[in-house]
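Student: I have a model open and would like to learn how to read it. Could you take me through some of its features?

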Amino acid sequence: MRNLDLSLYLVLDPGLCATLGMVETARAAVAGGATVVQLRDKHADTARMIETGRALKVALSGTGAVLIVNDDVEAAIAIGADGLHIGQDDIDAITARQLIGPDMILGLSAETAALAAAIDPAAVDYAGLGPVFATATKPDHKPALGFEGLSRLVKVCPVPVVAIGGLKSAHVGDVLAAGADGLAVVSAICGTPDPQLAAREIAENMIKART
Ligand code: TZP
Ligand code: MG
């Protein structure tokens, strides 16, 4: 697998992206510095995931940003996405790896230290750890970890980490200090009138925090 830059990982939400739409929001966020875009639409069937995913793939082509599809293996393959992201309640990681083959990126969510430690680095390329904070974007989320909890999970996690849940540009320093490789955000980009500006602010804070 090529080098995966998790610095700024945008998770799309069709509701929060309603003004610009998911494709234009993604295009703007990548222009502002997003390195990963995840298509996440809990209400779309596979046909709609494929349609949106193909449009995203065209929009992101040549930008260097990678396209990840949430949950839907069939859509991820049909789109020719760079990767698939699954949660603990989806198909297991070994099965997912068998279905997508050796070259596609595979991400897995983990909400506890036990789940983070159990990640198989032979199958999984990165982990999404969270939620760091409670968030209205995912009403059924597990208990918030805070930065201390995040750091505990990072320490036992055998793969690179993107932190998620209630994160804003002001949290970049704390996320990196907890040992994560990047920030995943929904509302901090999708829920703003200017996703490019919102992404740029996070990306710039990331550069500052790393220097
Ligand atoms: N998984 C854990 S929290 C979350 C997901 C998909 C939503 C994060 O959304 P926001 O708006 O960045 O808090
Ligand atoms: Mg899932």
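Student: Which residues does D71 touch, leaving aside those up to four places away in sequence?

Tutor: Two residues are in contact if their C-beta atoms, placed from the backbone, lie within 7 Å. By that test, D71 touches I86 and D90. Keep in mind that this is a predicted model, where local features need pLDDT of at least 70, side-chain atom pairs count only at pLDDT 80 or more, and totals for chains, interfaces and linings use all residues. Residues are numbered from 1 along each chain as its sequence is written, while chains are lettered from A and ligands numbered from 1 in the order in which they are written.

Student: Where do D71 and D90 sit, and is each buried or exposed?

Tutor: Helices (H or I, at least four residues) and strands (E, at least two) are DSSP runs, numbered from the N terminus. D71 lies in the loop between β3 (66-70) and α3 (73-79), and D90 in the loop between β4 (83-86) and α4 (93-100). For burial, count other C-beta atoms within 10 Å of the residue's own, placed from the backbone: 20 or more is buried, 12 or fewer exposed, and in between partly exposed. D71 has 20 such neighbours, so D71 counts as buried; D90 has 17, so D90 counts as partly exposed.

Student: What does UniProt say about D71 and D90?

Tutor: An unreviewed UniProt entry places the feature "binding site" at both. They span 20 residues in sequence, yet no two of their C-alpha atoms are more than 6.8 Å apart, so they gather at one spot. UniProt positions follow the numbering used here, feature names are shortened, and annotations may be inferred rather than shown by experiment.

Student: Which residues come nearest to ligand 1?

Tutor: A residue is near a molecule if its C-beta atom, placed from the backbone, lies within 6 Å of it. Of the 15 residues around ligand 1, the nearest are T135, T137, G165, V186 and S187.

Student: Which residues of α6 are buried?

Tutor: In α6 (residues 146-156), L150, L153 and V154 are buried. They cover an arc of only 105 degrees around the axis, so they are on the same side of α6; the arc is that of the directions from the helix axis to the C-beta atoms. On the other side of α6, E148 and K155 are exposed. The buried residues pack against β5 (105-110), α5 (113-117), β6 (126-129) and β7 (161-164).
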